[in-house]
Amino acid sequence: FETKYSLVFVIHGDGDYLYHDTSNNDYDADEETLINAKKAAMENSNAEVFIFHQKPRTNFLFFFPRKDGEFYYYRNGKLIANESYWRDQEKSNFDIETAYYNQFHVVNQNKLIKMFLYFGHEIPEFGGAGYDESYPDRTFNIDELAIGLKRLTTDSSPVDLTILSTCFGGTPNTISKLGSFSKIIIASPENLHLSYFDLSPIENLDISLQDDDVLSFAKRFAQQTFDKLTRNIQTEVSVVVY
């Protein structure tokens, strides 16, 4: 299979991600997103998919810390690598994730359509200490996300599409910082329910990304996400293509 797409999922799970649906069933948002990301990875037979699940710190036998990151790499629908890793201890700027990306990334003569997808709570514009519940002194903010996104554009060309599935991801400062490394951004400038953006359009990119028109795809993705959220939740919904 020819590899046409390169997708990077970063799923933050080091916090409270519990939510309930209309039938009062409870879900962990990060675990649900991980399931959907894996499904998209398996359904796309001509894509490489990186999935980074940033998990809470836990201990084995109370004293021995476990690794707090899980990495999955799929190529052409097949799982190639699955490893646990230690996340950055002081600043979360994707040093480790970038190393995995550079190790496995497909070197292709044809230009890949690249997408970056981030799922988590509102990312602070400044400061950012306490974003990870397990590491209250570790910082993560929009500047560090932009650094991470820059490191994932190893060939110096911007990512074709960034999907920022967080609350208040569409602020002028955020779009300005991330826009330097991404051609198109989908984000919510308001609160976003923890059920997140709908990933079903990602499951078969050959069908949903017609004629490699990323902007048209982004508009359809945003509309489908908006429609699904407004059907299922009662709070305000806002999804914007930048």
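Author: The cover over the buried residues of helix α4 includes α3 (142–151), β10 (159–165) and β11 (182–187), where contact means heavy atoms within 4.5 Å. Helices (DSSP runs of H or I, at least four residues) and strands (runs of E, at least two) are numbered from the N terminus. The model is a predicted one, in which local features need pLDDT of at least 70 and side-chain atom pairs count only at pLDDT 80 or more, while totals for chains, interfaces and linings use all residues. Residues are numbered from 1 along each chain as its sequence is written, and side-chain values use heavy atoms, with hydrogens and water left out.

Helix α4 spans residues 172–179, and its buried residues are T174, I175 and L178. Buried stands for under 20% relative accessible area, exposed for over 50%, and partly exposed for what lies in between, with a 1.4 Å probe and protein chains only. Viewed along the axis of α4, these buried residues fall within an arc of 95°, so they line one face of the helix; the arc is taken over the directions from the helix axis to the C-beta atoms. As background, an α-helix has 3.6 residues a turn, so residues three or four places apart point the same way.

The face of α4 turned away from this buried side carries the exposed residues P172 and S176. P172 counts as exposed because its relative accessibility is 71%. P172 and P189 are 17 residues apart in sequence, and their C-alpha atoms are 9.2 Å apart in space.

The loop between β10 and α4 contains F168. Its phi is near 50°, a positive value in a residue other than glycine. Most residues other than glycine have a negative phi. At 28% relative accessibility, F168 is counted as partly exposed. Another positive phi, near 70°, belongs to Y196, in the loop between β11 and α5 (205–208). Y196 counts as buried, because its relative accessibility is 4%.

The elements giving two or more residues to its lining are β2 (18–20), α1 (29–43) and α6 (214–232). The pocket holds about 520 Å³ of space. Its lining divides into ten nonpolar, nine polar and five charged residues; Ala, Val, Leu, Ile, Met, Phe, Trp, Tyr, Cys and Pro count as nonpolar, Asp, Glu, Lys and Arg as charged, and the others, Gly among them, as polar. On a 1 Å grid over the protein atoms alone, a pocket is an open set of points with protein on both sides within 12 Å along at least five of seven lines, whereas a cavity is a set of points where a 1.4 Å probe fits but cannot get out; lining residues have an atom within 4 Å of a point. Grid points are joined across faces, edges and corners, and a volume is the space filled by probe spheres set on them.

The structure holds one cavity of 30 Å³ or more, and about 60 Å³ of space lies in the largest cavity. Strands β1 (5–12) and β9 (113–119) are the elements that give two or more residues to its lining, with the largest share, three residues, coming from β9. Among the lining residues are Y101, M115, F116 and L149.

E97, T98, Y100, Y101 and F104 are its buried residues, and they cover an arc of only 160° around the axis, which puts them on the same side of α2. These residues pack against β1, β4 (47–54), β7 (69–75), β8 (78–85), β9 and α3.

Finally, the largest nonpolar core has 71 residues, of which F9, M115, F116, Y118, L145 and I202 touch the most other members. Such a core is a set of buried Ala, Val, Leu, Ile, Met, Phe, Trp, Tyr and Cys residues joined through side-chain atoms within 4.5 Å. Leaving out residues up to four places away in sequence, I202 touches L7, F9, A40, N44, M115, L117, I163, F217 and F221.
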